[in-house]
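User: I'm new to this one and would like a walk through it. Can we start with the ligand?

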Amino acid sequence: MRIDIVTALPGLVAGPLEHSILRRAAQKGLVDVRVHDLRDYTTDRHRQVDDYPFGGGAGMVLKPEPIFACIEAIQQEAEAAGAPVDEVIYLTPDGEVFDQEMANRLSLRRHLVLLAGHYKGVDQRVRDALITREVSIGDYVLSGGELPALVLVDAIVRLLPGVLGDATSALSDSFQDRLLDAPVYTRPAEFRGMTVPDVLRSGDHPRIEAWRDAERLKKTRERRPDLLSRP
Ligand code: SAM
């Protein structure tokens with residue numbers, strides 16, 4: 001899979017890509033994440049990526065020219081390489097809310113472009129002409145789309161075959177079958193008088209699975225009953 005992140009603040013996304021699962025996935029050649037600095041696609045001396053809003057009001061707006069130049073360059077290069085862009089996603093609080101189902105679906109794509117906004121957002125013409133999907137990571141407003149873009153990258157990449165050491169791990173995580181995950185324990189078996197449930201130390205795997213299923217259902221009923229009534 002290839003993911004291109006388009007941003008005015010590339011430094012904000014670089015760090016997380018260099019650690020843990022994302023780094024290992026890239027090292028294994030399972031994902032190729034490229035970060036593009038919008039300033040590299042400006043043509044003026046000041047490398048300006050934002051401007052005042054028409055109609056006045058607070059906040060700057062990301063200019064259309066560098067965004068069009070950057071995304072069209074990615075699209076042309078990808079097409080020439082035989083791996084065309086499947087989706088151009090704009091991270092925005094007024095988009096469709098990201099969830100596990102969307103992560104699952106996006107993990108089946110081969111090439112995604114993620115556009116991070118800033119200030120008041122991007123010029124509407126970018127959204128009208130270039131963007132195929134608008135995604136929010138929740139009902140709150142962040143300063144920029146970089147963290148939301150990383151949220152998508154992390155949630156998607158960990159689903160790619162070969163990325164997690166144990167392929168079944170992601171399948172038993174919360175939300176995969178509309179259930180929250182069961183409690184987990186590790187050594188020591190007793191810590192400050194708190195013990196691990198006997199069943200987990202029994203070695204009886206059918207019983208352990210039945211206990212986990214019951215715990216998942218119980219937790220989901222208590223915390224997220226809405227998940228159980230989804231169609
Ligand atoms: N004026 C915009 C609005 O009210 O919808 C908010 C702009 S926000 C300050 C700046 C940028 O942060 C957005 O363009 C978007 O890329 C990103 N952003 C902020 N909150 C987000 C969220 N919940 N989900 C996805 N992206 C978000």
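Analyst: A backbone N or O atom of Leu142 lies 3.0 Å from a nitrogen atom of the ligand. The protein covers 84% of the 580 Å² of accessible area that the ligand has on its own. Accessible areas come from the Shrake-Rupley method with a 1.4 Å probe, and for residues only the protein chains shown count as cover.

User: Before we go on, what kind of model is this?

Analyst: This is a predicted model, in which local features need pLDDT of at least 70 and side-chain atom pairs count only at pLDDT 80 or more, while totals for chains, interfaces and linings use all residues. Residues are numbered from 1 along each chain as its sequence is written, and side-chain values use heavy atoms, with hydrogens and water left out.

User: Back to the ligand. Which residues come nearest?

Analyst: Of the 20 residues around the ligand, the nearest are Tyr90, Leu91, Gly117, Tyr140 and Leu142. A residue counts as near if one of its heavy atoms lies within 4 Å of the molecule or strand in question.

User: How far are Tyr90 and Leu91 from the ligand's oxygen atoms?

Analyst: An N or O atom in the side chain of Tyr90 is 2.8 Å from an oxygen atom of the ligand. For Leu91, a polar backbone atom is 2.6 Å from a ligand oxygen.

User: Which element supplies the largest share of the shell?

Analyst: Strand β5 does, with four residues. β5 (87-97) and β7 each supply at least two residues of the shell. Helices (H or I, at least four residues) and strands (E, at least two) are DSSP runs, numbered from the N terminus.

User: Which nonpolar surface patch is Tyr140 in?

Analyst: Tyr140, Leu142 and Leu147 make a nonpolar surface patch of about 300 Å². Patches are made of residues with over 30% relative accessible area and no salt bridge; like charges are joined within 9 Å, nonpolar side chains (Val, Leu, Ile, Met, Phe, Trp, Tyr) within 5 Å.

User: New topic. How many salt bridges does the structure hold?

Analyst: The structure holds 18 salt bridges. A salt bridge is a side-chain nitrogen of Lys or Arg within 4 Å of a carboxyl oxygen of Asp or Glu.

User: What does Glu87 pair with?

Analyst: Glu87 forms a salt bridge with Arg109 at 3.0 Å, N to O. Arg109 lies in the loop between α4 (100-106) and β6 (111-116) and Glu87 in strand β5, so this pair ties together parts that are 22 residues apart in sequence. Glu87 also meets Arg133 in a salt bridge, at 3.1 Å, N to O. That pair links distant parts of the chain, with Glu87 in strand β5 and Arg133 in strand β7, 46 residues apart.

User: What about a network of salt bridges?

Analyst: Arg2, Asp4, Asp32, Arg34 and Glu77 are linked in one.

User: Now the backbone. Where is the cis peptide bond?

Analyst: The cis bond joins Arg187 and Pro188, with omega about 5°. Pro188 lies in the loop between α6 and β8 (190-191). Most residues other than glycine have a negative phi, and most peptide bonds are trans.

User: Which residues have a positive phi although not glycine?

Analyst: Arg47, with a phi of about 50°, and Phe175, with a phi of about 80°. Arg47 is in the loop between β2 (32-37) and β3 (50-51). Phe175 is in the loop between α6 and β8.

User: Last one: what is Arg201 in contact with?

Analyst: Leaving aside neighbours within four places in sequence, Arg201 is in contact (heavy atoms within 4.5 Å) with Ala189 and Val196. Arg201 is exposed, with a relative accessible area of 57%.

Note on methods:
Buried means under 20% relative accessible area, exposed over 50%, partly exposed in between (1.4 Å probe, protein chains only). A polar contact is a pair of N or O atoms within 3.5 Å; within protein, one must be able to donate a hydrogen and the other to accept it, and residues adjacent in sequence count only if both atoms are side-chain atoms.
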